[in-house]
Amino acid sequence: MGNTLFVYNTLTRKKEEFKPISPGHVGIYVCGPTVYSDVHLGNCRTFISFDLIYRYFLHLGYKVRYVRNITDAGHLEGDRDEGDDKFAKKAKLEQLEPMEIVQKYTLAFRDVMRTFNTLSPSIEPTATGHISEQIEMIKQILEQGYAYEINGTVYFDVEKYSKEYSYGQLTNRKLEELLEGTRELGGQDEKRGRLDFALWITAKPETLMKWPSPWGWGFPGWHIECSAMGRKYLGDTFDIHGGGMDLQATHHTNEIAQSQACNHKAPVKYWMHTNMLTVNGVRMSKSAGNGFLPKELFTGNHPLLEKGYSPMSVRFFMLQCHYRSTLDFSNEALQGSEKGLQRLMAANRFLDRIKPADKSTVDVNDINRAFDALNDDFNSPVAIAVLFDWVRNINLLAENKETITEADLKTLRDTFRTIIFNILGLKDEQGEGSKQGELTGKLIDMMLNMRLEAKARKDFATSDKIRDELTRMGVTVRDRKDGFDWK
Ligand SMILES: [Zn+2]
């Protein structure tokens, strides 16, 4: 595969060579959270997947502008303009101002993202901060004749649009099929076509979040914010647009339509979608009662969880599955990842104990297979499998059963650490990387040095006592000619 990056494009349904619109630069837009409740795990998976993708582009040397929006207005309960405003409903329930809800859950969301060690996007624009850009875009769509206004609400005219463009191109569906799957319009409906959707929604007397517009007081539809903010920060056409698979059929389909109608250009070169989550093989959902929040996963406080799992174990677990595959949660799988991560981090620590030799009995270039995997549509599970081959080698090297030259050892350390820390975005939660781990390590070293001193003055009672106490605490001590080793 070499150094070429291949990306699966939902639009063309195949892997394509990644060619940036502007050499050396990548523009990525990912649909962010709707901040009216705690972020759910499916969203976390999407953002962790795009964190890997962001980190890999940075590793490849690209200048990346990564935009991930915060939806803080305009998202109704039904994706097709039905039901109550999510924020107003929650505000009533919690007796708060809508913006208090937004603030509370935006901060909670950022906390969770930090806990998972995801990098902050370059720009995190909010819908409420871009009302004028959205109004401007709606005006342009109206001018082009792809929208109509009824009683202060502006609808996108899908039928008119479909005469020139393929509305269902993202999900590869014909207009007739889409119409079949949509309910007939009733007497109460204002819109003309079944697939038409709102760009601007007129405010009711009880609407809390509303803005003035050429069509009266109201608020933007959900889909227009991403088209308007994507265009503002990344241009009429940008490289990558991502999100969860559940956004393809409506949200992203409508985004394409809005942008095409307005700019007469395809807005995005590569569409990327992350797959869904299941729990013991059943699709994760609130209604099935099997959806856990990140904090429940960390504490183990959920009937389906045997115990809590650390944020890095969860992150590693997610990365052990390709972003386009369904990710199945089970205690067994989570515990497997937890152990795997510990082995990986232990190998990282062993790297510092390996002593260079005159010749290498291992082929250090072999670890580059991990990059081949990442170049193949960010295939993290295969890259991790390569790392585990090297965990084996590192253990053999640490035990002097294989040898390595100084130059090769440097390459191995650099490559191994670049992949686990910079690209996979993992942290050593127990080892030297963490403060607690650092302190523990120092204390154990101190105890073992005291033990060496005791042995030197032939105080075997004390030296044995120290070793036995450490063993009881789970620290295995191995004596070496030149000192000691511990695990
Ligand atoms: Zn969006």
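**Zinc site, cores and helix packing**

A polar atom of the Thr 253 side chain lies 2.7 Å from the backbone oxygen of Gln 248. The model in which this contact occurs is predicted. Thr 253 is located in helix α8, which spans residues 248–263. The residue counts as buried because its relative accessibility is 3%, and the cut-off for burial is under 20%. When residues up to four places away in sequence are not counted, Thr 253 touches Tyr 167, Leu 170 and Gln 248.

The zinc ion is coordinated by SG of Cys 31, SG of Cys 226 and NE2 of His 251, at 2.0 to 2.2 Å. Along the chain, the donors follow the spacing C-x194-C-x24-H.

The largest nonpolar core comprises 86 residues, of which Phe 57, Phe 329, Phe 378 and Phe 416 touch the most other members. With residues up to four places away in sequence not counted, the contacts of Phe 378 are Leu 5, Val 7, Leu 52, Ile 53, Tyr 56, Phe 57, Met 272, His 322, Tyr 323 and Ala 373.

Two packed helices are described by the angle between their axes and the distance between the axes. For helix α1 (residues 41–59) and helix α14 (residues 406–423), the axes come within 10 Å and cross at roughly 135 degrees. The arrangement of α1 relative to α14 is therefore oblique. At this contact, Leu 52, Arg 55, Tyr 56 and His 59 of α1 meet Thr 418, Phe 421, Asn 422 and Ile 423 of α14. Leu 52 and Tyr 56 are also among the contacts of Phe 378.

Helix α10 (residues 311–319) is mostly covered, with nine of its nine residues buried. The buried residues are Pro 311, Met 312, Ser 313, Val 314, Arg 315, Phe 316, Phe 317, Met 318 and Leu 319. The elements covering them include helix α1, along with α3 (98–115), α9 (294–299), β13 (327–329), α11 (331–350) and α13 (380–398).

Technical notes:
Residues numbered from 1 in each chain as written. Predicted model: local features only at pLDDT ≥ 70, side-chain atom pairs only at ≥ 80, totals over all residues. Heavy atoms only, no water. Core = buried A, V, L, I, M, F, W, Y, C linked by side-chain atoms within 4.5 Å. Buried < 20%, exposed > 50% of the residue type's maximum accessible area, 1.4 Å probe, protein only. Contact = heavy atoms within 4.5 Å. Helix = DSSP H or I, 4+ residues; strand = E, 2+ residues; numbered from the N terminus. Polar contact = N/O pair within 3.5 Å; in protein donor to acceptor, adjacent residues only side chain to side chain. Donors = N, O, S within 2.8 Å, 3.2 Å for Na, K, Ca; no water. Axes fitted to C-alpha atoms, helices over the stretch in contact; angles between N-to-C directions. Parallel < 35°, antiparallel > 145°, perpendicular 65-115°, else oblique.
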